[in-house]
Amino acid sequence: MHQDPTAAAAPSALAVPTAEEAVRRALAAHGRLTVDASAVASIADLYALGLTSHATVNVMLAIENDLDVEFPDAVLHRSTFATIESITAAAEAAE
Amino acid sequence: MTAPVLAGSTETHPTDTTAAGTTASADRFAARAALVAEVAAQHADEVDRDARPPREAIGAMREHGLLAAAVPVALGGEGATLTELAAIATTLGRACAATAMVFAMHHGQAMALWRHGGVGLGVTAMTEAVLAGALVASSTTEKGIGGDARRSTCAIEVSSSGRIHLRKDAPVISYATEADAVFVTARRSPDAAPSDQRLVICLPEDTTLTQTSTWDTLGLRGTCSNGWVLEAVTHEDRVLRDDYATISARTVLPVSHVLWASVWTGIAAGAAERARQAVRKQARAAVGTTPPGALRLAELLVDLQSLADAVRHAAERFDAAAEDPSVLESTAYALAANALKINASERVVDIVTKAMRIVGIAGFAASGPTSVARHLRDAHGAAVMVSNDRLLQNDAALALMSGAIL
């Protein structure tokens with residue numbers, strides 16, 4: 001069977017991404033940032049880089065899907081999604 | 001799909017950890033209510049299945065002071081307002097409707113002690129017992145009366161030296177086996193009119209209960225509202241000072257309607273939460289595409305919010321007028337209290353039904369993490385416990401005299 005070279009990047013049970021990888025991937029796909037999500041500093045203010053609360057919902061869902069976790073209601077506030085570092089911390093706590 | 005919690009917390013309280021859909025105030029009771037709710041949730045399915053009292057949750061309510069919450073500060077209690085009690089009832093109702101109804105029914109009666117009881121020894125001793133965690137049940141309806149709590153057949157018979165005797169054939173007494181006292185309505189004397197009632201504190205040691213029927217119902221199964229013949233030999237200092245017409249108008253009716261409606265709001269919120277979980281799962285499967293259920297969920301949240309707002313407003317209205325008999329005994333106030341009960345009992349069924357449709361088959365399922373079967377069955381209890389038609393019939397006469405409070 002033909003090997004898809006991008007297959008390695010797709011989430012699978014064999015290669016669970018780290019929380020930060022999942023966060024950056026979700027931001028790249030759904031964050032609508034004005035810059036490349038893979039190059040954003042982990043403490044940079046994502047709202048200043050174009051993140052909106054509407055996009056945040058999709059970022060959250062993508063991370064949940066990627067890591068097979070669910071963010072508890074208690075962390076679902078604006079500050080949680082302010083930086084890659086804070087999102088990552090919340091995602092790790094949710095695991 | 002924009003989660004309201006994200007949009008709503010944009011401007012204020014960046015570190016606020018209040019969860020979406022939870023009651024916003026009543027901070028001093030919130031943590032304890034959450035602890036009790038956790039216990040109640042653990043046993044909710046079993047309590048429902050076996051139609052047995054939520055003993056673990058009742059124990060937790062006692063342990064965490066929720067049964068004593070409303071005892072006035074002057075009497076050594078925390079003096080919870082009705083707004084605070086309402087928030088607790090909703091938190092409990094999300095977890096286990098039977099537990100929440102026990103909480104609601106207890107407070108509807110217990111508050112009569114210090115608001116209407118006077119200073120008789122038997123009454124003040126009961127207040128102290130409530131402060132220490134006693135659970136109060138009630139017997140207001142009577143066989144042959146047809147569900148009207150404001151008329152009695154049974155009567156207080158006074159014998160020598162203040163001893164009194166009463167015997168009541170009660171079609172339902174909720175959680176009678178768990179209670180530390182049953183408050184019983186009875187005519188003032190054997191020759192008094194049916195509506196000339198008093199409220200009598202009947203302690204277990206003074207009371208014989210003979211079961212006449214079994215509570216095997218569609219929902220609210222854990223309230224265990226069996227039928228009983230209650231026979232008590234007690235003392236006249238355990239009769240509350242005010243007549244029951246006053247107690248009902250100023251306290252039992254408005255407090256009960258607010259707290260029941262708060263419980264139903266909790267049931268609705270619990271079902272809505274399951275709908276939200278289901279839609280979130282769908283959304284995760286196709287991130288970026290709003291699933292069709294999200295629109296229905298948003299619509300359901302409109303209904304839930306308006307229900308929650310109506311309940312909270314009614315609770316605040318009581319707290320504002322709590323010491324003003326002229327307001328509490330007004331026709332307009334009675335209509336408003338009934339309106340809350342009728343409205344909330346209809347809305348809860350609507351909301352839970354919508355939630356079930358949003359979840360789909362997993363919601364229709366009798367059990368499972370997103371089943372709303374118990375919620376739906378419990379919700380249907382709302383319109384029949386004190387029939388909406390009876391309230392409307394009462395309202396029909398009052399409506400000729402007064403309009404709505406705007």
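**Figure 1. Chain A, read from the N terminus, runs α-α-α.** This is a predicted model, in which local features need pLDDT of at least 70, side-chain atom pairs count only at pLDDT 80 or more, and totals for chains, interfaces and linings use all residues. Residues are numbered from 1 along each chain as its sequence is written, while chains are lettered from A and ligands numbered from 1 in the order in which they are written. Chain A has 3 helices and 0 strands (helices are DSSP runs of H or I with at least four residues, strands runs of E with at least two, numbered from the N terminus). Of the 95 residues in chain A, 37% are buried (20 or more other C-beta atoms within 10 Å of the residue's own, with C-beta atoms placed from the backbone). Take the contacts in chain A between residues at least 6 apart in sequence: 59% of them join residues at least 24 apart (contact is counted when the C-beta atoms, placed from the backbone, lie within 7 Å).

**Figure 2. Here is an open sheet of 3 strands in chain B, in the order β1-β4-β5.** Its pairing is mixed (two strands pair if DSSP finds at least two bridges between them). β1 (136-139) and β5 (197-202) of chain B are the edge strands, each with a single partner, so one side of each has no neighbour in the sheet. On average, neighbouring strands are turned by 25° against each other, direction ignored (axes are lines fitted to C-alpha atoms, for helices over the stretch in contact, and angles run from 0 to 180 degrees between N-to-C directions).

**Figure 3. Strand β4 (residues 181-187) of chain B meets β5(B) in the antiparallel sense.** The pair is joined over 6 bridges. Look for B:Val184, which stands opposite B:Val200 in β5(B).

**Figure 4. Helix α5 (residues 97-116) of chain B lies across β1, β4 and β5 of chain B.** The helix runs at about 90° to β1(B).

**Figure 5. Domain 1 of chain B touches domain 3 of chain B.** The assignment, automatic or from a database, gives chain B domain 1 (22-131), domain 2 (136-238) and domain 3 (244-398). The C-alpha centres of domains 1 and 3 of chain B lie 19 Å apart, and the contact takes 24 residues from domain 1 and 27 residues from domain 3. On the domain 1 side, α2 (27-50), α4 (82-95) and α5 of chain B each give two or more residues. The largest share of that side, 11 residues, belongs to α5(B).

Note on methods
Contact = placed C-beta atoms within 7 Å. Buried ≥ 20, exposed ≤ 12 C-beta atoms within 10 Å, placed from the backbone.
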